[in-house]
Amino acid sequence: QSTWGATGSWAQRRWLRFRTEAHVSPLGLRAAVAKAYTQLMLLFYMPLCATALQYFDCTRTGDGRFLQTYNPSHRCYNTAYWSLIWIALLFSALYCVGVPVGVMMFLRARRRALE
């Protein structure tokens, strides 16, 4: 029963419709969270891969030095570069390769249900 009774105006009935609570089962909530996570992961896939791979993009200057293309104030192939390269390699392997492989495995496992 609405606050204004059965004789409420169209606007009042519309307002009450938006104020109603949705009852979501735990399974429905879990599915909604999984869908949201998947969409965000795929939305941020390209920018995060590009960021991880920027570390490997070095340009040789006229005087023979190698500088990072996206940040010329950082030199390539020095001790600081080599000390951080394992992080860039790990993230690139896990995310840039792992996400497509994971999506492929997920789709392959559910191939029958998707047909």
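How many aromatic pairs does the count come to by the ring-pairing rule used here? The count comes to eight aromatic pairs, where rings of Phe, Tyr and Trp (its six-membered ring) pair if their centres lie within 6.5 Å, and planes under 30 degrees apart count as stacked, over 60 as edge-to-face and the rest as tilted. This is a predicted model, in which local features need pLDDT of at least 70 and side-chain atom pairs count only at pLDDT 80 or more, while totals for chains, interfaces and linings use all residues. Residues are numbered from 1 along each chain as its sequence is written, and side-chain values use heavy atoms, with hydrogens and water left out.

**View 1. The ring pair of Y45 and Y95.** The ring centres of Y45 and Y95 are 5.6 Å apart and the planes stand at 35 degrees, so this pair is tilted. Because Y45 belongs to helix α3 (residues 45-54) and Y95 to helix α4 (residues 79-109), the pair ties together parts that are 50 residues apart in sequence; helices here are DSSP runs (H or I, at least four residues), numbered from the N terminus. Y45 is buried at a relative accessible area of 16%, and Y95 is buried at 14% (buried means under 20% relative accessible area, exposed over 50%, partly exposed in between, with a 1.4 Å probe and protein chains only).

**View 2. The ring pair of Y77 and W82.** With centres 6.0 Å apart and planes at 35 degrees, the rings of Y77 and W82 also form a tilted pair. Y77 is partly exposed at 40% relative accessibility, and W82 is partly exposed at 48%.

Note on methods: Helices (H or I, at least four residues) and strands (E, at least two) are DSSP runs, numbered from the N terminus.
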